[in-house]
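User: I am new to reading protein structures and would like to learn how to read one feature at a time. Could we start with pairs of charged side chains?

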Amino acid sequence: MAITTKKWTFAEYLIYDDGTGARYELVNGDLVCMALGTGEHGDISEFLNEVFKAEIKRTSRSWTSKDMKIGIQSPRSSRDTSRVPDVVVLPLEQWEGLKKRESVITLNEAPPYTGGRSRQPNYSGSRLSCKTY
């Protein structure tokens with residue numbers, strides 16, 4: 001007997017709610033439950049967000065930095081994928097547009113200025129993986 005798992009579309013992912021409050025990423029059509037991460041991971045993400053916010057304020061940019069609140073649809077996959085970086089820097093205007101809908105930046109929207117993920121120690125040491133979109 002073969003066991004198959006449902007492949008989710010990006011549209012299905014945007015409206016999915018299993019009622020548990022769990023957060024998911026969509027990876028090649030599969031729902032992947034997001035683990036909490038270590039305290040060290042949280043410290044790194046918080047530090048990065050604070051540094052970005054301070055620099056945005058210092059330079060008087062109309063940008064914002066958000067930690068673990070914004071998904072980004074990935075163009076690098078053969079199937080639907082949406083990841084939630086630890087930190088995302090984007091224009092305030094774009095953030096305002098996300099406030100009244102799912103906070104996922106889709107392929108037909110302007111990409112954020114940058115997004116970063118702190119890697120967990122079990123991935124051969126903590127390090128930052130940063131992507132400029």
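Analyst: A salt bridge here is a side-chain nitrogen of Lys or Arg within 4 Å of a carboxyl oxygen of Asp or Glu. The general idea is that side chains of opposite charge can pair when their charged atoms come close. In this structure, a search of the whole structure finds seven salt bridges. Please keep in mind that this is a predicted model, in which local features need pLDDT of at least 70 and side-chain atom pairs count only at pLDDT 80 or more, while totals for chains, interfaces and linings use all residues. Residues are numbered from 1 along each chain as its sequence is written, and side-chain values use heavy atoms, with hydrogens and water left out.

User: How many helices and strands does the chain have, and in what pattern do they follow along the sequence?

Analyst: Helices (H or I, at least four residues) and strands (E, at least two) are DSSP runs, numbered from the N terminus. The chain has three helices and nine strands, and along the sequence they follow the pattern α-β-β-α-β-β-β-β-α-β-β-β.

User: How do strands E1 and E2 run, and how many bridges join them?

Analyst: Two strands pair if DSSP finds at least two bridges between them. Strand E1 (residues 24–27) and strand E2 (residues 30–33) run antiparallel and are joined by four bridges, with leucine 26 standing opposite leucine 31 and valine 27 having aspartate 30 as its bridge partner. The two strands form a hairpin with two residues between them, and asparagine 28 in the turn has a positive phi of about 50 degrees.

User: Which way do the side chains of E1 point, and are they buried or exposed?

Analyst: Buried means under 20% relative accessible area, exposed over 50%, and partly exposed in between (1.4 Å probe, protein chains only). Tyr24 and Leu26 point one way from E1, whereas Glu25 and Val27 point the other way, and all are buried. For the chain as a whole, 32% of the 133 residues count as buried.

User: Which residue forms a salt bridge with glutamate 25?

Analyst: Glutamate 25 meets arginine 83 in a salt bridge of 2.9 Å, N to O. This pair links distant parts of the chain, since glutamate 25 lies in strand E1 and arginine 83 in strand E5 (residues 82–83), 58 residues apart. Glutamate 25 has a relative accessible area of 4% and therefore counts as buried, whereas arginine 83, at 33%, counts as partly exposed.

User: What does aspartate 30 pair with, and how far apart are the closest N and O atoms?

Analyst: Aspartate 30 forms a salt bridge with lysine 7, and their closest N and O atoms are 3.0 Å apart. Here too distant parts of the chain are linked, with aspartate 30 in strand E2 and lysine 7 in the segment before helix H1 (10–15), 23 residues apart. Aspartate 30 is partly exposed because its relative accessibility is 27%, and lysine 7, at 37%, is partly exposed.

User: Which residue forms a salt bridge with lysine 99?

Analyst: Lysine 99 pairs with glutamate 96, the closest N and O atoms being 3.1 Å apart. Lysine 99 has a relative accessible area of 49% and so counts as partly exposed, while glutamate 96, at 44%, counts as partly exposed.
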